[in-house]
Amino acid sequence: MILKEFLELRRDKRTMAMIIGLPLILLVIFGYAARFDVTDLKTDVYGPQAKTVAGQLKDPFDVKETSTSKGKDQAEQALREGTVDVAIVTGSSPSEPSTAYINGANLFAAQTAVASIATSEAPIKPDVLFNPDLETSWVMVPALVGMIMALIGTLITAIGLVKERQAGTLEQLAVMPFKPTDVIAGKIVPYFILGAFDLVLVTVLGCLLFGVPFNGNVLIFALGSALFLLAVLGLGVLISTVSQNQGQAMQVAMMSIMPQILLSGMIFPLESMTWGVRWIGYLLPLTWFNKIANGVMLRDAPLSSLWVPLLVLAAMAVLLLGAAVLRFRRDLAPAMPKIPAKTTATAGAGR
């Protein structure tokens, strides 16, 4: 029995690749990603003493802009749009202490900023916005909403077409008057409706149980959520088209979900990752949904500052759904009845 099992594993190249290659890949990627320290804080300095204070700042503050004409309103706007982590507003005289407004929605960067200001020689007092008490739950709940939707949408949908193949009903779909787009739509729409219901339920419960505020525009959040659901559902259907059974579908689905959890900025800050691993995070749908959920719920971010995540999610949804349709069409092609050319020619001659 032991020898038989080894022979079966040797023939199953996909399982062997996962057993040998996956641990090495996970070790390298997550080893570079598993860092909580933030070594670079995007900082703007405003006010009459902007140039003087900017010259006194040391690492991890990375000064992007100094302006003597801007003040508190512009600092809050920059933080709300997410363009900086810290915006320092100086006093009217060198003896007057400056105020560092900190984006508390970015938890790791905010904690680093508060600790750095406490040890700084410059007379600066911190003022944390959007998450004054630096509550972990305020930052985690928006990300958990996306993680739960990614888990449900990808895993459940990935099993959908595999069940059809194992039950033998995929061939029946091939002879019915349905286009591949019709079948994909029929598979996705029910899960999309249920996923939207779950998303609303999880968001409302998260706000009620953990006291997380919802400060932004509901329509922007709904648009981002819809695009994110389409992307993860498309990924699930695509996984089902490349899997032969439910076991393979679940394995591939979990392989796609794990990087989204660890490389989306939900657990480890993207800013602390090496550039190669960080770009993997930018290829994941959950990374962009986290930006939308965090921006809308905590910072009341306007649409003008969230158009990039929305556009990226829309592109991902189109690409994943398009790839799923193409793969499904290829799976249906062998089952479609074809009339040989000679038979057609003979029938024409007989008439």
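User: What do the numbering and the confidence limits rest on?
Analyst: Residues are numbered from 1 along each chain as its sequence is written, and, the model being predicted, local features need pLDDT of at least 70 and side-chain atom pairs count only at pLDDT 80 or more, while totals for chains, interfaces and linings use all residues. Side-chain values use heavy atoms, with hydrogens and water left out.

User: Why are H6 and H8 called roughly antiparallel?
Analyst: The axes of helix H6 (residues 136-167) and helix H8 (residues 180-210) come within 10 Å and cross at roughly 155°, where axes are lines fitted to C-alpha atoms, for helices over the stretch in contact, and angles run from 0 to 180 degrees between N-to-C directions. Angles under 35 degrees count as roughly parallel, over 145 as roughly antiparallel, 65 to 115 as roughly perpendicular and the rest as oblique; H6 and H8 are therefore roughly antiparallel to each other. Helices (H or I, at least four residues) and strands (E, at least two) are DSSP runs, numbered from the N terminus.

User: Which residues make the contact of H6 with H8, and how do they divide by class?
Analyst: With contact meaning heavy atoms within 4.5 Å, H6 contributes residues including Trp138, Ile148 and Glu164, and H8 residues including Lys187, Tyr191 and Phe210. The contact has 13 nonpolar, six polar and three charged residues, where Ala, Val, Leu, Ile, Met, Phe, Trp, Tyr, Cys and Pro count as nonpolar, Asp, Glu, Lys and Arg as charged, and the others, Gly among them, as polar.

User: At what angle do H6 and H9 cross, and which residues meet?
Analyst: The axes of H6 and helix H9 (residues 218-241) come within 7 Å and cross at roughly 35°. Among the residues that meet are Gly146, Gly153 and Arg165 in H6 and Phe228, Gly236 and Thr241 in H9, and by class this contact has twelve nonpolar, seven polar and one charged residues.

User: What makes proline 60 and leucine 134 stand out in the backbone?
Analyst: A cis peptide bond, with omega about 10°, joins aspartate 59 and proline 60, and proline 60 is found in the loop between helix H3 (50-56) and strand E2 (61-67). Leucine 134, although not a glycine, has a positive phi of about 50°; its place is in the loop between strand E5 (124-129) and H6.

User: Where is aspartate 300, and what is its phi?
Analyst: Aspartate 300 lies in the loop between H12 and helix H13 (307-332), and its phi is positive, about 55°, although it is not a glycine.
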